[in-house]
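I am opening my notebook to record what I looked up in this structure. Please keep the sequence and the 3D view at hand while reading.

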Amino acid sequence: MAPGVEVIDHPLVQHKLTLLRKKSTSTLEFRRLLGELSALMTYEVTRDLPLREVAIETPVAATRGVCIDGKKVVLVAILRAGIGILDGMLSVVPGARVGHVGLYRDEATLHPVEYYFRMPRDLEQRDVIVVDPMLATGNSAIAALDRIKAGMPRSLRFVCLVSCPEGIANLRAHHPDVPIFTAAIDQGLNEHGYIVPGLGDAGDRYFGTRM
Ligand code: URA
């Protein structure tokens, strides 16, 4: 395993991912499974968030507990498929702030072009989790991280459901300081840039726009 890459191999995650991949899975089921997977993966992704001690009173006694340190966590969806991961993550971290990065691929240069960028304030005091279900070439993730890094977040993590060796190598080469969390590392990319075996176009399957 490449350093900085964590494969979340919890049996529930792997079971649901297999159901998600199946071409017979309906849009309704795909949404439900992606939501459940995103919530489950959030436990691993947030495992090392810093905590701070707080004084509290229970109905019985004064005691000390812990809270997640700093300002609210930020979830950043890379449009459009990243939206599919937000709801599941927000069910576990309901107070998180949300940013969006919109990128499309210029068909002449094959490079991502930004059409939308909106982040919460005070990124330097926040831990940022960037989400996109598929890490294919890695070019969109690199462009999104380049932009987000300019705001100097306290920490950055990248989360995807399915990745491939090409995307991981590209993202690690450009952003070696950003840990990658994924549920699977597949064989590779086909000539159309799809991950094999993958699950097809995550955005089309989540939004029901498959032709
Ligand atoms: N984006 C997708 O939605 N699926 C892939 O396989 C690759 C990129």
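To which class of accessibility does Glu 36 belong, buried, partly exposed or exposed? I found Glu 36 to be partly exposed, because its relative accessibility is 25%, where buried means under 20% relative accessible area, exposed over 50% and partly exposed in between, with a 1.4 Å probe and protein chains only.

Before going on, I noted that this is a predicted model, in which local features need pLDDT of at least 70 and side-chain atom pairs count only at pLDDT 80 or more, while totals for chains, interfaces and linings use all residues. I also noted that residues are numbered from 1 along each chain as its sequence is written, and that side-chain values use heavy atoms, with hydrogens and water left out.

**Entry: salt bridges.** I looked up the salt bridges (a side-chain nitrogen of Lys or Arg within 4 Å of a carboxyl oxygen of Asp or Glu), and the search of the whole structure gave 14. In one of them, the side chain of Glu 36 meets that of Arg 32 at 2.7 Å, N to O. Both residues lie in helix α2, four residues apart, which is about one turn of the helix; helices (H or I, at least four residues) and strands (E, at least two) are DSSP runs, numbered from the N terminus.

I then turned to Arg 64, whose salt bridge with Glu 53 has its closest N and O atoms 2.8 Å apart. Arg 64 lies in strand β3 (residues 62–68) and Glu 53 in strand β2, so this pair ties together parts that are eleven residues apart in sequence. Arg 64 is exposed, with a relative accessible area of 52%, and Glu 53 counts as exposed at 53%. Salt bridges that share partners also join Lys 16, Glu 29, Arg 32 and Glu 36 into one network.

**Entry: a buried serine.** Helix α2 spans residues 27–45 and also holds Ser 38, which is buried, with a relative accessible area of 2%. Not counting residues up to four places away in sequence, I found that Ser 38 touches Gly 84, Ile 85, Gly 88 and Met 89, where contact means heavy atoms within 4.5 Å.

**Entry: the ligand.** A backbone N or O atom of Ile 195 lies 2.8 Å from an oxygen atom of the ligand, while a backbone N or O atom of Gly 200 lies 2.8 Å from a nitrogen atom of the ligand.

Definitions and conventions: A polar contact is a pair of N or O atoms within 3.5 Å; within protein, one must be able to donate a hydrogen and the other to accept it, and residues adjacent in sequence count only if both atoms are side-chain atoms.
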